[in-house]
Structure formats: C-alpha cells, structure tokens
Amino acid sequence: MSGAAGESAPSYEAAAARVEEIIRRLDSGEASLEETLALVGEGKALIELCAGQLAAVGSALEELRLDELVARLEAEAGS
Amino acid sequence: MSHLHADPAASGAAPGAAPRAPAAGIPGSSLPGPFPVGHYAGALRTKLRSFARVQLLGELINLRVSRARVYFELRDADGAIPCAAWRADWEEITARAGGAPREGMQVVVAGGCGYYAGSATSSPGFSFDVLDLRLAGAGDLLARIERLRKQLHAEGLLDTQRRLALPALPRTIGVVTGEGGKARHDVLAALQRRGWAGRLVWAFAPVQDRHAAPAITRALGELASVAAVDVAIVARGGGSLVDLLCFCDETLCRTVALLSVPVIASVGHHTDRTLLDDVAAVSCSTPTHAADAAIRVDCVRARREQAQAAARLREHGRRAVLSRARTLVSLSRAPAAHLERQRTRLHQQLREIRASSRRRAEAEQRVTQRRAVVLERKAAAELRECRERRPRELERLSLALAAHDPQRTLERGYVLARSPQGAPLTTAVQASAAGELKLRFADGELDAQVRRR
C-alpha cells in the first residue's frame with residue numbers, strides 16, 4: 001500500500017527539489033518561451049504530485065495502539 | 001612502610017656502599033650509614049620489584065599519556081596508588097580490554113610495584129607497573145558491548161538498516177516506547193508540530209531495565225510485520241548506560257538489523273552509543289529528533305511552499321506568455337506602423353512637392369510677368385522709335401535717294417535719250433540705230449529724229 005505511491009514517480013523530496021530548480025531557472029529569466037511553458041507544466045505536475053503525497057498521508061493525525069491497528073487490518077481483510 | 005626503608009639498607013646495600021667516601025654520620029645517631037642515595041634508591045627498587053605481583057581494583061582517574069609512558073591513578077574510598085605503563089604495552093592492553101578506559105571507570109589492573117630511581121637530573125618516582133587491565137562494572141559492560149559491536153560489524157549487520165529507503169512522507173509510523181514516559185509525549189508533539197496527519201501506532205514496552213529487551217524486540221517485530229507500518233521509532237529519555245543496557249541486547253540488535261522496516265533509534269544518550277544506535281537506520285539523540293527524522297518533510301511548511309511555488313509557476317507561465325504575446329503583437333504591428341509612417345512621409349513629401357512647385361510656378365509667373373513688362377517696355381520703346389526715329393530716317397534716305405534721282409541730273413541740264421519704246425539709249429550707235437528718239441528734259445519730253453549717222 002505504501003509502496004504503491006509509484007515506483008517510477010519521483011520521491012517527494014526529489015520532486016520538491018526539482019520544483020525549486022525549475023523556479024530558479026524561471027527566475028533567471030533565461031528560459032525561452034517554449035522552455036518556460038514546459039517548465040511551468042512540469043512544475044505544476046510535480047506540485048500536484050507533492051500535494052497528492054501530502055494528502056495521501058491522511059487528513060488528521062490518528063493515534064491507535066498496535067493491537068487496534070492489527071484488529072482493524074484483520075477486519076478489513078475479512079470483509 | 002617504615003620497615004621497607006630499613007630493610008634494604010640494613011641487609012644488602014650497606015656493606016657494598018661502605019668503602020666509598022666514608023663521610024661522617026650524625027653525631028650521636030645509632031643508625032647505620034650514611035649511604036649514597038643512588039645506591040639506596042637502587043636497593044629500594046630491587047626490594048619493591050620483589051613484591052608479589054597482584055591485581056588491584058579501583059576507579060581510574062587522572063589518565064595522562066606521554067610520549068613513552070601512560071600514567072593514571074587507581075583510587076577507592078580508602079586509598080590510591082599511582083600507576084604507569086609503557087605506551088606500547090598500554091595500547092595492547094586496552095585493545096585486549098575491548099577499549100581504552102575512561103576517567104572514573106572501575107578497572108582491574110594487574111602488575112607489580114616499580115620504582116624509578118631517578119638520577120642527578122631527574123626525579124624519582126613510585127608507580128604500580130600495569131601489565132594488564134580489565135574494564136569492570138560499566139566499563140566491563142562497555143567492553144562487552146564493544147566486542148558485540150565488532151561482531152555485528154563483522155557480520156555486516158550494522159549496515160543492513162542503513163540501506164533501507166526511509167520514506168520522506170510515511171503514512172503510518174510505529175513507535176515503541178514506555179507507555180507513561182516523556183518520550184511518548186515528545187514524539188507525538190514533534191509529529192504534530194510538523195503537521196503530519198498520518199497514522200501513529202503505539203507499541204508500548206518497558207524501556208528501562210535488562211528485561212525490557214525482549215519486550216522491545218517483540219514490539220518491533222510486531223510493528224514490522226504489519227505491512228502498513230512505513231517506519232518504526234524506538235524512543236526513550238536519557239539514562240545511565242546501565243539503564244540503557246536493554247538497547248545493547250544482542251537479540252534486539254540482530255532482530256532490528258534484519259527488519260525490512262527502517263528503525264529510528266532515539267534512546268537519548270549522548271556519551272555512550274548503544275548498539276541499537278549503531279544497528280538502526282537512523283540514530284537520534286532525542287525523541288523529538290526521531291520524529292523529525294521520521295517525517296523529513298515539514299508538512300506545514302511544505303504545504304505553504306507548495307502554494308507559493310504553484311503561485312510562482314502560474315505567474316511565470318502567465319508572464320512568459322503575456323510578455324511574449326505583447327512582443328508578438330508589437331512585432332505584428334510593426335509592418336503596419338512602418339507602412340503608416342511611410343505613407344505619412346509620402347504625403348508630407350507630396351505636400352512639400354506641391355507647395356514647392358506652387359512656389360516655383362509663382363516664381364516663374366513673377367519672372368514671366370517681369371519679362372512681359374520688360375517686353376512691353378521694349379515694344380513701347382520700339383514703337384516710339386518707329387514713330388519718331390523712322391520718319392527721320394526715311395526722310396534722310398529719301399533725300400539720299402533723291403540725290404540719285406535722274407530728274408535732278410536733268411534739272412542740271414542733262415537729257416535722257418530713250419527709244420520710242422522707252423528703252424534708254426546710252427550710246428550714239430544705239431541712238432543712230434533707233435533713228436527716232438524720245439528726249440526727256442527736266443521740264444518735259446520731245447520727239448526727235450536722227451538726221452545723220
């Protein structure tokens with residue numbers, strides 16, 4: 001389940017680093033129009049990916065004991 | 001100690017020393033001597049070395065390492081002994097002991113008394129010459145831990161956890177800690193501070209004593225067996241090394257080394273590393289750090305940064321297109337603007353040409369008018385001349401002509417002879433041939449007849 005986030009997709013950190021790199025490149029003002037549009041598109045996709053990974057963690061911190069987790073997982077597996 | 005001083009002097013040293021420079025003793029003293037001090041020192045060394053070799057137990061303090069020798073003291077509540085070893089020997093001794101002892105550590109040393117006799121230029125000194133050493137108490141534990149660490153290292157078990165990929169954003173974190181400990185609170189607080197919104201699974205276990213190790217091992221094994229758990233933290237507050245012994249348990253360390261889930265150790269000890277610290281994927285000094293290591297992404301900041309990055313990207317995209325579109329528009333406008341400029345210029349030139357030609361025509365006209373005036377004047381002058389000069393001329397000419405008029409000649413007495421047909425007869429032959437003549441006089445004409453030829 002946790003590994004399903006994507007074997008080919010970049011890790012959160014790699015994606016975030018790439019976004020930083022893209023913004024630096026764009027800030028430099030050296031990118032051509034074509035490159036700018038490509039970079040903006042790539043950056044948006046990466047941010048969505050990062051946001052997705054953040055969202056996938058959950059919506060609120062949930063505390064439970066190991067036995068509770070095991071019970072829940074077994075219930076899920078049984079149903 | 002008093003008998004030590006007396007003994008060598010009285011028995012062995014005195015007779016040999018006697019022959020040399022017999023100096024006077026203290027008057028009235030019944031003691032033997034005086035003996036040369038170096039001789040006595042040598043005898044003392046021999047006597048001290050003859051003492052049985054023993055093992056001593058005490059606290060090691062004041063460890064000093066010089067170029068050739070290592071010095072320290074061994075103390076307990078009742079006394080102390082200065083100890084020394086050759087530097088080269090010391091390194092072998094400590095290697096055998098499983099590590100160099102540190103200040104305050106309980107050690108057992110083996111060796112015997114020694115005495116450096118000194119010389120004219122160096123001070124003498126007593127020391128217990130150390131030939132071997134063992135770390136006792138906590139020191140002993142450290143030595144055992146060190147041996148186990150080497151063993152695990154040799155088996156490659158210190159690296160297996162470090163090779164596991166630590167997810168930047170785990171969804172489920174398992175935590176092994178004491179149920180009522182401060183570490184539990186610290187981990188939770190740190191996770192919340194970083195805005196992490198995942199599932200936190202507690203696997204409570206005693207984390208204090210020697211008996212804790214099996215419980216911790218079991219808890220970690222169970223956490224790791226739940227596929228949902230992405231990373232496991234073992235956390236507890238600080239404590240003495242003895243308190244932390246459970247984290248040096250061989251079974252625990254071997255179990256952790258073979259887990260497929262990365263383990264973050266934070267057993268809170270700065271000076272002594274536990275074996276778990278060496279085996280775990282990440283070792284932290286506090287539970288708070290452990291939580292930070294588990295969630296490498298500060299979710300609160302990450303969300304903010306994502307929003308900022310997205311805004312900047314949008315802005316870049318918008319600006320890139322907009323500014324270039326503006327450029328394009330201005331470029332596309334350029335030919336039209338150029339044409340317009342050219343047209344305007346042509347119009348201007350045309351107007352200028354017209355104006356100029358008008359000016360020129362006007363100028364021409366003025367010139368023509370001037371010329372006409374001149375011509376008129378000339379014509380008038382000419383007319384005047386015709387009217388005035390020509391009659392005079394005519395008169396002069398007519399007078400000149402009149403001068404040549406035959407009438408004038410006739411008036412002067414000449415006669416013009418002509419044939420009856422009117423042809424002038426200028427010779428006698430012509431007149432004779434004609435026979436009849438018409439003679440013209442100034443006042444009239446007469447017919448005449450030639451009589452003789």
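Among the contacts in chain A that link residues at least 6 apart in sequence, 58% join residues at least 24 apart. This comes from a predicted model. Chain A holds three helices and one strand, and along the sequence these elements follow the pattern α-α-β-α. Of the 79 residues in chain A, 25% are buried, taking buried as under 20% relative accessible area.

Six strands form an open sheet with parallel pairing, in the order 1(A)-7(B)-6(B)-8(B)-9(B)-10(B). Its edge strands are strand 1 (62-65) of chain A and strand 10 (282-283) of chain B, each of which pairs on one side only. Within the sheet, strand 8 (residues 231-235) of chain B runs parallel to strand 9 (residues 263-266) of chain B, and four bridges join them. Opposite B:Val234 stands B:Ala265, in strand 9 of chain B.

Next comes the second largest pocket. Its space amounts to about 510 Å³, and its lining consists of 28 residues. Those nearest the centre of the pocket are B:Arg69, B:Gly114, B:Tyr115, B:Ser127 and B:Asp129. In chain B, the elements that each give two or more residues to this lining are helix 2 (37-49), strand 2 (69-76), strand 3 (79-86), strand 4 (106-116) and strand 5 (125-135). Sorted by class, the lining of the second largest pocket has 15 nonpolar, five polar and eight charged residues.

Key. Residues are numbered from 1 along each chain as its sequence is written. Chains are lettered from A and ligands numbered from 1 in the order in which they are written. This is a predicted model: local features need pLDDT of at least 70, side-chain atom pairs count only at pLDDT 80 or more; totals for chains, interfaces and linings use all residues. Side-chain values use heavy atoms; hydrogens and water are left out. On a 1 Å grid over the protein atoms alone, a cavity is a set of points where a 1.4 Å probe fits but cannot get out, and a pocket is an open set with protein on both sides within 12 Å along at least five of seven lines; lining residues have an atom within 4 Å of a point. Grid points are joined across faces, edges and corners, and a volume is the space filled by probe spheres set on the points. Ala, Val, Leu, Ile, Met, Phe, Trp, Tyr, Cys and Pro count as nonpolar, Asp, Glu, Lys and Arg as charged, and the others, Gly among them, as polar. Buried means under 20% relative accessible area, exposed over 50%, partly exposed in between (1.4 Å probe, protein chains only). Contact means heavy atoms within 4.5 Å. Two strands pair if DSSP finds at least two bridges between them.
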